[in-house]
Amino acid sequence: MTELLFRDDGYLRSCSARVIEADAWGIRLDRTGFYPMGGGQPGDTGVPLLASGRATTIGDTVKGAATDEVVHVSAPGAVLPEPGTELVGEIDWERRYRLMRMHTCLHLLCSVVPGAVTGGQVADGRGRLDFDVPGSSLDKEAIASRLNALIAEAHPVGPRWITDAELAAQPDLVRTMSVKPPSGTGRVRLMEIAGIDLQPCGGTHVRNTAEIGPVAVTKIENKGRQNRRVILAFAE
Ligand SMILES: [Zn+2]
C-alpha cells in the first residue's frame, strides 16, 4: 500500500520515498505524489532521483492490483533501484499542471452543458466530455464564452468528504456514468466549485478556476443519436 500524497496536495511536485519493490512492470514506493491513470486523467511522468545520481525515467503511472497500490512504470530494460533505496520522486510538473488545469475545466464544462456525462478524457493541452444530449442544440461559441466567464470569475475549487451512505442517498451527485466514484473505504471525496459543480472525483485539480486560463471549444462531434462529444483546448 502506498501513501497517496497527491490526494491531499495536488501541488506536490516532488517527495522523498522508499522503494518497496521494483520489477519489470515498475517501481512501488511507500509514498508518492505521482498520480496513477484513472478517472479520465493520465498518469504522471517524471524522474525518481537516487542518492547515487542515477535516475530511471518514469513514463507512466498506473494503479496496481491492490487498493491504493501505485506502479511507477519505468522504461523497458531500465536499471531498477533495490528495495529499501531512498529516492526523491520528481513529477514532470509542467505536464501535470496542464492536466490539472484541463481536468478542472472539464468540471466547469459539466455545469455548462445539460445532460448526463457518458465519457471523458483529459490529455496534455486538451480534453473532452461526451454528453447524452439529443439533437444538435449545442453551440460551440456559447459554451466557450460561458466557460471563459466561469474561469475569469476565479471560483475556488476544493475537496469535501462525505460518507458512502451519504453518497448513496444522493445519486444525483454522480455526473459521470462511465466513471464510478471510488467507494468501499467508507468515505468519498467530492470536488466542489461552490454553486457550480459538485461531484465525486479522485483526480487532481487547481485551487482556483482562474488558473485554468482561456480555453476554446475546438469541436463538437456527433457520436451517435444522443451522444455529443465536446472537445476543449487551451486558447493560449
Ligand atoms: Zn475532478
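When I say contact, I mean heavy atoms within 4.5 Å. Before we look, this is a predicted model, where local features need pLDDT of at least 70 and side-chain atom pairs count only at pLDDT 80 or more, while totals for chains, interfaces and linings use all residues. Residues are numbered from 1 along each chain as its sequence is written, and side-chain values use heavy atoms, with hydrogens and water left out.

Okay, Thr45. Leaving aside residues up to four places away in sequence, Thr45 touches Phe34, Ile58, Gly59, Asp60, Glu90, Ile91, Asp92 and Arg95. Thr45 sits in the loop between strand 4 (31-32) and strand 5 (46-50); strands here are DSSP runs of E, at least two residues, and helices are runs of H or I, at least four, numbered from the N terminus. Thr45 counts as buried because its relative accessibility is 15%, and buried means under 20% relative accessible area with a 1.4 Å probe, protein chains only.

Now the zinc. His103 (NE2), His107 (NE2), Cys201 (SG) and His205 (NE2) coordinate the ion at 2.0 to 2.1 Å. Donors are N, O and S atoms within 2.8 Å of the metal (3.2 Å for Na, K and Ca), and water is not among the atoms, so sites may look incomplete. So why call this one tetrahedral? Because the four donor atoms subtend angles of 100 to 124 degrees around the zinc ion, and the rule for tetrahedral is all angles between 85 and 135 degrees. The donor spacing in sequence reads H-x3-H-x93-C-x3-H. His107 is in helix 1 (residues 93-112) and His205 in the loop between strand 13 (197-200) and strand 14 (215-222), so that pair ties together parts 98 residues apart in sequence. His107 and His205 are both buried, by the way.

Methods. Buried < 20%, exposed > 50% of the residue type's maximum accessible area, 1.4 Å probe, protein only. Tetrahedral: all angles 85-135°; square planar, octahedral: opposite > 155°, others 65-115°.
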